[in-house]
Structure formats: structure tokens, C-alpha cells
Amino acid sequence: MSTNGISKIPHSNKDNGTSSKFQNMDRASLLEKIDEDIQELNLLKSKLKQLEQNKKELQDNIDNIEKKDDNDTEKDNDNDKNTETQKNTSVSKINTSVSTSASPIVEDWKDNTQASILRASTQRQYRQYELAFDRVKLFYKEQHEKQTVAYNYQARINFKTKVRDRMTVWDALIKLNNLLDESDPDTELSQIDHALQTAEAIRHDNKPRWFQLVGLIHDLGKLLYFFDSQGQWDVVGDTFPVGCRYSKKIIYHDYFKKNPDYKNPLYSTKYGIYSPKCGLENVMLSWGHDEYMYHLAKEQTTLPPEGLAMIRYHSFYPWHSEGAYKYLMSEKDHEMLKCVQAFNPYDLYSKTDTKCDIETLKPYYLELIDEFFPNKIVEF
Ligand SMILES: O[C@H]1[C@H](O)[C@@H](O)[C@H](O)[C@@H](O)[C@H]1O
Ligand SMILES: [Fe+2]
């Protein structure tokens, strides 16, 4: 400490009694007093350090015990294989703080309380539609005006009556590299980046492998854009039921006013062509990548129903995030809602500007794809 600093003490304007105490001390005693204080401080510091060290050791012990418990209860070799694959592949840039390598797959995959994706999400605002670019507003204007009941029947007939292309899932993902989703206010990256970011975030939180695959392929249906779509309006964007009144919870609700169904006497009632609690599987959601990919995945993957629901309803924000259309839900849909809600943060909050390294991640995901797609060549 400088001599200047010391000599200022007795002349301080903020005299609270201490300055008079120091006034009578000579410089040597003052230095001695300071020295004592510093020593005391150092002692406290090293005590604190020791405490931190103890805490760390304790945590390591707990982790080791937990790991041992998990290993002991592992029933088949499958998980060994998963862990091995994870060890051999480097993890994405989203996963900067902790490595996923040795952690076991979480069993309660619907529980997001420990999800690191939720901690990361507080740094940024998402889905700010009022502040969105014009491309987003123009997209929703067109989507809301054109998604009619008649169009939706036609789209389903088109889908069922032909195969558009045949290729591997990886090639399909690469093809998506050329698509920028006009409806999305939260990312300017291409779709393969979004697919990998979502899957990597899920993998990072040690969710089951089928869940990771859902992350990878949930938007693969956007390939529709390269086949027989009429634009982006029948491929991307949030979804909503057609054939009944459009909920006010749908973003840019006003744009529906120009949809021919808006004033239709049947389609504009609360239930429209549906009945109370009829179940979402009986409700026609606006046609796009979710519905298309759901049908494709149902036929050509071994994903569980929970995973299929995530794909089918992930863009149905008015339902899974705003609580609309509850009166159409069946018992089963309440369970599915929890699954879709468990998936949603990974889809939404993994949208960052940091790209994944496609080539590095490729081997891990090729293996994952093979695990759930029995046929290498998929019919799109
Ligand atoms: O699931 C998402 C979500 O609904 C976004 O809001 C939309 O912009 C994307 O197209 C879609 O993939
Ligand atoms: Fe999507």
C-alpha cells in the first residue's frame, strides 16, 4: 500500500471515530496494524480455499457413487454401446462447459429441471413476432390466408399418392442446407445447422437416443419445399387446426380475416367440424413439415409414440405453449403434451449463432440414424 494512502486516513472527511484512533498512532505502528490485518485476511482466504476444496471433493465423491449406481443397474449391453459411441465422438460447441462423454442417459427424460438448455436460454429473447423482420410477417400473412380446409384435404391426398424422392437421411439433411426458413424470427442459419444444434443440445442433457434422433429429424419435413410445395407457406411456420375457429393465441391472428374459411358458418365455430375431446389425431392441423414428417417417421422409423408426437406437434405453439384448443384434447393428448413440452426448449433455445461442425458430428449421427431407420434409403 502507498504511503499516500496511509497519510490520507487521519484526514478523511468521513470521520466515524476511527480516524481519531489512527491519528495518535505513529507511522510504524500504523504499518504494523495494517500488516496484522493483511495476515488475518490471508488466513481467512486460505480457510475459504480449503473449504472450497473440501466441497469439490465431496461433490466428486457423490458423482462417483451415482455413476457406480447407474452402472450397476444397467440391464443390457445397449447402454454400454451408447456410452462408448459418445466417448468416441466430440461434442458440439453448444456443450462448452461439461462433456457428455461419461454421463449416463437420463431415465426421466420428460424432466427438464436439470436441463442446461433452460439455463442458457435466459440470455436471449425468442419469438418476438412484433419486432420480427418483414419476411416473417409476410410469410404469416400468406400462410394464414391460404391454409384452408379445402387446401388441407388436397395436400393430404397429394402426400399419400406418391413418393417424391428416395435418399438417405443424411443426404436429406444436406439438401436442407439450402433452405432458410422465412417464418423463423430466431435464426438465420440453414436447417442442417438447426437440426444439429437441436440434437446436440438434447444429447448434451443425456436424453435417450431416440429423443436425440427426434432433435435431428424433427424439421426434416421441410424438404417438402423442394418437392411439390406452393411456397414456404405450406411447409414451415407455426401450425393450427383448420375447420374450426382460429384461436386468438395464434400469432398474427388478424391475418386470418382474409382466409375464406374465416367467415364460413361451420368452420368459424368453436368446435367447427370436430367434437369436444375428439383427440388431436382427429384434428386436421395446417399442412406443413410437421404433419408430413410425422407420417413419414411413423411408417419408416422405430421411434416411440412420444417421439412421433414431438415431431407432429412441435410447431403447434398455440397448443403446447399457449394452452389453446384444450377442449379438443383426449386423455392421451395430455400425456403427449408433456412430451412435446419436454422437447420444445431444445428446438427453440438451441438457436444460437454458433454453428456445429458437421463433419465432426457426422459419424455419431450416422450411427444414430441407422439405429432407428431400418432402411438406409428413405422414401420421401
Ligand atoms: O417448429 C418451428 C416453429 O414453429 C417456428 O416458429 C417456425 O418458424 C418453424 O418453421 C418451425 O420449424
Ligand atoms: Fe419445425
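What share of the 380 residues in the protein is buried?

1. Buried residues come to 34% of the 380; buried here means 20 or more other C-beta atoms within 10 Å of a residue's own, with C-beta atoms placed from the backbone. Bear in mind that this is a predicted model, where local features need pLDDT of at least 70, side-chain atom pairs count only at pLDDT 80 or more, and totals for chains, interfaces and linings use all residues. Residues are numbered from 1 along each chain as written, while chains are lettered from A and ligands numbered from 1 in the order written.

2. On secondary structure, the protein has 15 helices and two strands (DSSP runs numbered from the N terminus: H or I of at least four residues for helices, E of at least two for strands). Of the contacts with a separation of 6 or more, 78% join residues 24 or more positions apart; a contact means C-beta atoms, placed from the backbone, within 7 Å.

3. Now a helix pair: the axes of helix 10 (residues 209-217) and helix 12 (residues 305-313) come within 10 Å and cross at roughly 20°. Axes are lines fitted to C-alpha atoms over the stretch in contact, with angles from 0 to 180 degrees between N-to-C directions. The two helices are therefore roughly parallel, the term for angles under 35 degrees. W210, F211 and V214 of helix 10 meet G307, M310 and I311 of helix 12.

4. Around ligand 1 sit D181, S183, D184, D219, V236, G237, D238, H314, S315 and Y317, each with its C-beta atom, placed from the backbone, within 6 Å of the ligand.

Note on methods: Parallel < 35°, antiparallel > 145°, perpendicular 65-115°, else oblique. Contact = placed C-beta atoms within 7 Å. Buried ≥ 20, exposed ≤ 12 C-beta atoms within 10 Å, placed from the backbone.
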